[in-house]
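Visitor: I would like to go through this model and ask what stands behind each term.
Guide: Go ahead; here is the entry.

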Amino acid sequence: MSTGLTHKGETMSYECKDGLIELLLHRTPCNEIGSRSLEELEGFSRALEALRQPVHTLIIYSDLKCGFCAGADLRELYERSRHLEKEEAAKGVREFLERIHRVLNAIDAAPMTTIAAVHGVVFGGGFELALTCDLIIADKTARFAFPELRLGLIPGFGGIPRLKRDIGNAVVRDLLLTGRSFNTTKAQQIGLVSQVVAEGEALRAARATAAQLAKFDHQTAVTAKKFVKPIPHEELRHEIDIFCDLFSRPAVQAGLRKFVESKDAQPYLP
Amino acid sequence: MPTAEKTLDEILTLAATHFKVPREKLSPDDDFFKTLGIDSLQALDLLTKLENHFRVELPDYELQGVSDFRTLASKIQVRL
């Protein structure tokens, strides 16, 4: 049975059917999260709050060839901040971060089991979005990375506190301090990914998992999730402060400029 | 452990198959960005394929400045 939770937007679309919500990311080139994506995510968050019937599973996925999500829209960030005074730019960044944190905290704590079905690029803010989910199901093409240090920043969408919560500090240090990317095999070895499937099969596996979750008592599943998944609010607040402090440094503007002026798809990669 | 020559040959075959380029058009000293016509994202895709094929882990920062198949093969060979 379909419900009222349906949206076809510029950057994403979602629909709820038989207790399953599927959120499809489809903003080219690789689902970069900018102001329009944020507005639509906020709309999704409001729709979640307004749900009147139990939903057992949320699946977030992308249908773009490049992958799940390449992270924040750095071109928009650069263009918006380059003509502003330092204080104004920092204020705008803080406001954006606080808004995206509210949305991602809502997805993290959503009263249903959430699954990120990922492939290809799962970088930066895209990785952080996946980390809000209870389970990550990845196909063999997926790569995970926090490349922010290459730009003079740290991840700003809550990724570090969440990865620390889920996996531990050693993995956080490796990913954050080297900026390197992990493949799916490595991601499963460290406990980040719960299922690895063949190329193009992540959504099918996520739907099969959702069918299993539908068999459980909804309230029990919600209670169990709440018990095992605390939101690291204090560290998330701290992350925003550190990000904003770093953002005001000249090295960041230089890094963003280099990124924007490059013709390559992801210039901070090898 | 396969020989360095065999590793190089497997990389060339895998790249040709994945990017749908005739195998005979690829040479060890080719710039793979140019020969395959790929960008950094597709190079990462190739890295994933190579890691899965050889069952190794190769940090992407080791590929900075690497653009030919022979050097790429040497980076993989030391991890086999």
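Visitor: What makes residues count as touching Thr57(A), and which are they?
Guide: In this predicted model, contact requires C-beta atoms within 7 Å. Leaving aside residues up to four places away in sequence, Thr57(A) touches Leu20(A), Met112(A), Thr113(A), Ile115(A), Ala210(A) and Leu213(A).

Visitor: Why does Thr57(A) count as buried?
Guide: The cut-off is 20 or more other C-beta atoms within 10 Å. Thr57(A) has 24 such neighbours, so it counts as buried. Thr57(A) belongs to strand β4 of chain A, residues 57-62. In chain A, buried residues make up 45% of the 270 residues.

Visitor: How far is Thr57(A) from Glu148(A) in sequence and in space?
Guide: The two are 91 residues apart in sequence, and their C-alpha atoms are 31 Å apart.

Visitor: What secondary structure does chain A have, and why is chain A called as compact as a globular protein of its length?
Guide: Chain A has 11 helices and 11 strands. Its radius of gyration is 18 Å and the globule rule gives 18 Å for 270 residues, so chain A is as compact as a globular protein of that length. Along the principal axes, its C-alpha trace spans about 55 × 35 × 35 Å.

Visitor: What share of the contacts in chain A joins residues at least 24 apart?
Guide: The share is 74%, taken among contacts between residues at least 6 apart in sequence.

Visitor: How many residues does each chain bring to the contact between A and B?
Guide: Chain B brings 15 residues and chain A brings 17. The chain B side consists of six nonpolar, four polar and five charged residues.

Definitions and conventions
Residues numbered from 1 in each chain as written. Chains lettered and ligands numbered in written order. Predicted model: local features only at pLDDT ≥ 70, side-chain atom pairs only at ≥ 80, totals over all residues. Helix = DSSP H or I, 4+ residues; strand = E, 2+ residues; numbered from the N terminus. Rg over C-alpha atoms; globule rule 2.2 N^0.38 Å. Buried ≥ 20, exposed ≤ 12 C-beta atoms within 10 Å, placed from the backbone. Contact = placed C-beta atoms within 7 Å. Nonpolar A, V, L, I, M, F, W, Y, C, P; charged D, E, K, R; others polar.
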